[in-house]
Amino acid sequence: MGELAAPRKRFAIEHTALFGTNYPMDFEQFSHIDTWIFDLDNTLYPPKVRLFDQIEEKMRVFVSDFLNVSLSEADVFRAQYWRSHGTTLAGMMDQHAMPPEAFLHFVHDIDFSLLPHSAELSSLISALPGRKIVYTNGTEPYARRVLQARGLEQNFEAVYGIEHASYRPKPHAEAFAEVFERAAVTPHSAAMFEDESRNLQVPAGLGMRTVYISPDTASPDYVDAMHQNLEAFLSQLVAACFSKPSGGLRKNHGKL
């Protein structure tokens, strides 16, 4: 895992900071980043879409059928495995020898039409220098359908799913190690965006910058920055560190 990074300078961006307040923000800690790694669900689309609700329901149905238990009992198993193994899938594989392929195919067969297209988010991600990667506890085919629905498929050079980590989920260190090796990630010049704070602990320990996308008002010490809205955070970041004097992005995004 390597030695731990130096103490981290943390900041949160308040909603009011988007409108010209003097809230202190240290965006310079991201100025050296050349690899940007994004989680997928509830990170690259807003949680209010509630896309994952469909997956949650299909997971409980699959677990109920596979274990021959009630839906309420399936919920108990799922909650236990989320805490102990990181995902329902990992717990079911470990405790019940469940093959992953049928489960993943079933739970990702959902309606993607609820996802709004976002040209603004695409433009902001494009403005970040260097490589952009998606790493999700879902599968690559599922992730690519989400990106297509959001109009983001052209923004990312690679998409890594749980199958690329031997079906081990985030937050397990072995999962990060396998995916980061596949992606040739240099941690000290990389940043990771997540809606689950626990999934940022290993990247932070490797020396990556970490961004927690969540409505929470507090975060663990290993989180460098947090915001409830990815587009708002990237707008501020791009304006502070990566917009050119000629102002292409500033012109396109007047609030910058």
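Guide: E231 is buried, with a relative accessible area of 19% (buried is under 20%, exposed over 50%, partly exposed in between, with a 1.4 Å probe and protein chains only). The model is a predicted one, in which local features need pLDDT of at least 70 and side-chain atom pairs pLDDT 80 or more, while totals for chains, interfaces and linings use all residues. Residues are numbered from 1 along each chain as its sequence is written, and side-chain values use heavy atoms, leaving out hydrogens and water.

E231 belongs to helix α9, residues 230-242 (helices are DSSP runs of H or I with at least four residues, strands runs of E with at least two, numbered from the N terminus). Leaving aside residues up to four places away in sequence, E231 touches S118, E120, L121, L124 and R150 (contact means heavy atoms within 4.5 Å). The protein chain as a whole has ten helices and seven strands, and 53% of its 256 residues count as buried. Of its contacts between residues at least 6 apart in sequence, 64% join residues at least 24 apart.

Another helix, α2, can be followed face by face. Its 15 residues, 71-85, should span 21 Å at 1.5 Å a residue, and the 20 Å between its end C-alpha atoms agrees with this (the expected span is 1.5 Å times one less than the number of residues). A74, R78, Y81 and H85 are the buried residues of α2. Seen down the helix axis, the buried residues of α2 fall within an arc of 70°, so they line one face (the arc is that of the directions from the axis to the C-beta atoms). An α-helix has 3.6 residues a turn, so residues three or four places apart point the same way. The buried residues of α2 pack against α1 (51-67) and α3 (88-96), whereas V76 and R83 are exposed on the face turned away from the buried side. Just after α2, G86 takes a positive phi of about 100°.

Helix α2 also takes part in the lining of a pocket. The largest pocket is lined by 31 residues, of which F52, E56, M59, W82 and E196 lie nearest its centre. Elements giving two or more residues to this lining are α1, α2, α3 and α4 (100-107); α1 gives the most, with five residues.

Conventions. On a 1 Å grid over the protein atoms alone, a cavity is a set of points where a 1.4 Å probe fits but cannot get out, and a pocket is an open set with protein on both sides within 12 Å along at least five of seven lines; lining residues have an atom within 4 Å of a point.
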